[in-house]
Structures are given as C-alpha cells and as structure tokens.
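Here is a short note to read beside the model. Please keep the sequence and the 3D view open as you go through the points.

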Amino acid sequence: MGGVAGDAMDKSNHENHLLPTLDLLRQVMDRTKDIIFIIGDDRFIRYTNRGDKPSSGKSSGSGWFFNELTCKDIYLALREPIETVFQSGKSLSIERHLGKGSQGVWIHTQLTPHIGVSGKTSSVLVIVRDISSLKLKEKLITESKAEWLQAIDTMPHLLAVIDTDYRIKKTNMALANYLGISLEDLHGRICHQTFGTGIHESCPLNRSSSSGCGSKRFQSNILGQPFLITASALADAEGNTTGCLFVALGLNGHRSGEEIRKTNAEQMKLLLKEADYVVTILDQNGKYISMKALPGNIRLPDSIIGKSPFDFFEPEVASKICDHITKAMRAGGDITVSNELKLDGETFHLLEHISPVRDESGNVSSVMIIGKRIAWVPEKSDPVPNESLQLSPRELEILQLIGSGLTTSQIAEKLFISRKTVESHRARVMRRLGIHKSSALVQYAVKSGLF
C-alpha cells in the first residue's frame with residue numbers, strides 16, 4: 001500500500017510540476033496568429049486555440065479572410081490529407097488556396113501524427129499559417145523575371161551564358177537572330193567555334209587569359225562585324241567559377257549574321273567551282289589561315305584569315321568540319337574523310353585528306369586539308385563490289401590508299417616500297433577491275449567505300 005501511495009504522490013507531484021509549463025504552452029498557443037487544433041481518432045476536434053467563432057484580431061497576411069476561418073472550415077478543406085496522416089502515421093506539409101480569387105487566402109499546413117500505445121495514430125496536430133503575403137511576393141518575382149527575360153530578348157545587345165567547358169548554356173534572341181541559328185540549336189555549341197576564336201583568346205575562363213577569372217572588355221569580330229565585348233566570370237555562393245557572361249555591343253550598324261554568311265558563302269562557292277583540289281590550312285582553334293584551289297592557284301581573299309567555317313557554311317556543315325579537325329588532332333596522324341559542303345542550294349563533294357602540322361616542339365599547331373572534288377559521296381551501306389574481293393590484300397591496300405587521294409610517291413613512302421612496285425600493283429588492279437583510267441580507279445575506290 002505504501003508503495004502504491006508513494007507512486008500516486010510522485011505522479012501528483014510530477015503533474016503539479018508540469019502545470020506552469022502546460023499553462024505557459026497554452027498561453028503561447030492561444031496568442032499565436034497561427035490556427036492550431038488537434039483531431040482525435042474519432043475525427044472530432046479535441047483542442048483548438050480558436051473557437052467556432054471567427055477571430056476578431058487582424059491578420060498579418062492577406063487580411064480579414066484568414067481571420068474569418070474557423071477550425072471547422074479548415075478541417076473540412078483538409079479532410080483528405082488529415083485522413084492520409086491518420087492512415088500512414090507520417091507527418092505531412094502542404095500548401096493550399098482557400099476561397100476565391102483575391103478574396104481567398106494561401107495557407108501552409110503542418111500535419112503531425114501522435115502515435116498511441118497501440119502503435120496507431122491517436123490524434124493529429126494541425127498548425128495552419130497564412131502565407132498569402134509570401135505567395136504575393138513570389139508572384140511578383142515571377143512576373144518581374146518574365147518581364148526581365150522579355151527585355152533581354154528585345155534588347156540589341158548579344159548575350160550568352162557560357163559554362164566552364166566553353167559551351168553555350170543560354171542566349172537571347174538578338175544573338176540567335178544575328179547568327180541565323182535557332183535558340184535550341186545554339187545551346188550546347190562551343191562558344192569560340194560559333195562566335196570566332198577571338199572570344200576564346202580573351203575569355204576570363206581561359207587559363208592563358210591575363211584577366212584570370214575576373215572580367216575582360218575587348219573588341220572582336222563576329223561574322224566579320226566589329227563588336228565591343230564584355231566577358232565576366234560567373235560564380236556560385238561559395239565563390240566557385242561556374243561560367244561566363246558574354247555581352248556584345250555592335251560598334252557599327254551591322255548586318256545580320258545570315259546576310260554576312262551569304263556574302264562569304266558566295267566567295268567560297270566561286271572557289272569550289274574552279275577547284276579540282278582545295279588546299280586549306282586551319283589553326284587548332286578552327287580559324288582559317290589560308291585556302292586555295294588547284295589548278296590555277298585561286299585563293300580566297302585575305303579577309304578569310306581569322307574566320308571559321310561558321311562564317312561560310314550552315315551550322316551543321318561547319319560543325320562537321322570542326323569535328324574532323326578535332327578528330328585529326330586527337331589522332332595525331334592523317335585521316336581521310338568524305339565531306340559534303342552545301343552552299344546556297346549547291347552541293348560540293350570532297351574527299352579530304354587531313355594532316356596535323358606540328359611546330360618545333362612537336363605540338364600540333366594547325367591542320368592541312370587537301371580536298372579532292374568527286375562526283376558523289378559514297379553511302380556507307382554500299383557493298384564492296386565482287387571484283388574488289390578478287391584482289392589480294394596488298395592490292396586492296398593500294399586501292400584504298402589511291403581512294404584516299406595519295407599519290408604514287410606518297411603510297412610508296414607509306415608502305416616502304418618503291419614507286420615501281422606501286423605502279424605494278426596499280427596496273428594489276430586496273431587490269432583485274434577492267435578500269436583504264438586513273439580517275440576512274442579513284443572513283444571506284446571511293447564508291448566501294450574502301451577508303
């Protein structure tokens with residue numbers, strides 16, 4: 001008996017000790033501007049800091065409507081999520097709009113379950129806060145952002161955001177229209193291959209740039225027109241460089257990029273029409289150093305220097321040319337590719353032999369492309385003719401090198417055999433294939449896909 005009495009006394013002392021704390025908690029809950037109530041497992045409101053009558057106080061949020069809400073109103077509006085908490089036993093945080101239009105209110109509700117002795121949810125604590133002011137600010141920010149983006153798209157400056165891999169992440173319409181490339185097609189492109197290599201040389205992301213990762217202002221040409229360019233490094237909250245903001249202001253009244261490209265394309269087309277062979281030298285960044293056509297030694301004017309394939313060709317063709325250059329540089333040796341150059345509705349087919357050019361230190365400083373005009377581009381799906389299968393491995397190798405555009409001397413040097421041996425193989429191949437002209441032999445090798 002004494003033990004039971006002692007336990008009862010301890011319990012009574014404990015409850016008496018908690019009374020001031022519980023009283024203080026009730027005062028805080030009753031004075032808060034939030035609406036708080038508890039739903040029992042019988043789905044009735046057990047406790048509330050706001051009775052069935054609306055509050056007479058002022059709300060710090062959207063005004064009178066929140067004050068007019070009762071716990072019953074909120075319970076009826078949130079019956080489904082409250083039931084979800086009862087069933088799952090997990091807390092839930094939701095936002096919901098109550099009422100109509102501007103007369104309504106946005107509320108944030110935190111639903112917290114209380115797990116009873118049986119392991120089931122015995123009640124749910126509901127805390128409701130008016131967040132209408134916050135939602136209004138978010139709406140104003142969203143509208144301001146849309147207006148800002150619209151202003152950027154309509155301004156005459158050319159803008160782009162570049163990532164640390166020198167790829168275009170965002171642009172405005174002015175830049176897309178000037179280049180004659182859609183916004184979708186611009187995204188992901190290498191910036192200096194699209195705008196010109198002068199951009200890369202002065203970019204604050206470039207390690208060789210004296211400006212480091214700050215900001216740089218310089219003048220450069222984009223599609224032959226002068227621009228004053230500001231390139232500023234972008235950083236995240238921790239100070240890590242995340243990219244670069246590119247802003248270009250035209251120094252003269254400039255034509256569109258598409259108009260300039262058409263003028264350049266006309267010059268290129270005239271050269272290609274005269275060419276049996278086209279000899280091109282480009283630096284490692286894809287800038288033209290020279291281009292001439294043989295026979296006749298016709299060359300593009302000196303204005304080509306410093307321009308890139310994007311100044312002459314459609315983006316798809318220019319990208320392919322740059323890809324071939326990159327492939328040759330990475331391979332560190334010669335490669336042979338077929339190329340289809342489209343200019344103002346005309347198509348030129350070239351079989352190109354690309355060779356890296358090294359400086360005194362052995363580093364690739366440029367590439368030389370010797371392109372031979374051919375009548376068609378071989379389809380990869382074309383099968384090798386049966387006649388070719390009758391050739392020996394050495395004869396097939398000779399035919400392959402002939403198709404790649406190598407001369408007799410070059411083939412001899414490559415295979416470490418004499419010119420006379422190459423000529424003997426060539427004659428035997430022509431005899432077996434029933435071909436009587438060297439030009440026809442080259443065409444046969446190309447059509448067969450042996451290069």
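1. Terms and source. Helices (H or I, at least four residues) and strands (E, at least two) are DSSP runs, numbered from the N terminus. This is a predicted model, in which local features need pLDDT of at least 70, side-chain atom pairs count only at pLDDT 80 or more, and totals for chains, interfaces and linings use all residues. Residues are numbered from 1 along each chain as its sequence is written, and side-chain values use heavy atoms, with hydrogens and water left out.

2. The whole chain. The chain has 16 helices and 16 strands. Of its 451 residues, 38% are buried. Buried means under 20% relative accessible area, exposed means over 50%, and partly exposed lies in between (1.4 Å probe, protein chains only). A contact means heavy atoms within 4.5 Å. Among contacts with a separation of 6 or more, 47% join residues 24 or more positions apart.

3. The surface. Accessible areas come from the Shrake-Rupley method with a 1.4 Å probe; for residues, only the protein chains shown count as cover. The accessible surface of the chain is about 25700 Å². Carbon and sulfur atoms hold 53% of that surface.

4. Two strands pair if DSSP finds at least two bridges between them. Strands of a sheet pair through backbone hydrogen bonds.

5. E8 pairs with strand E9 (residues 225–235) in the antiparallel sense, over eight bridges. Find Ser 215: its bridge partner in E9 is Ser 232.

6. Ile 168. Is Ile 168 buried or exposed? Ile 168 counts as buried because its relative accessibility is 1%. Ile 168 belongs to strand E7 (residues 168–171). Leaving aside residues up to four places away in sequence, Ile 168 touches several others, including Val 161, Leu 186, Cys 191 and Phe 195. Ile 190 is 22 residues from Ile 168 in sequence, yet their C-alpha atoms are 6.4 Å apart.

7. Val 357. Val 357 is part of strand E15 (residues 346–358). Val 357 counts as partly exposed because its relative accessibility is 31%.
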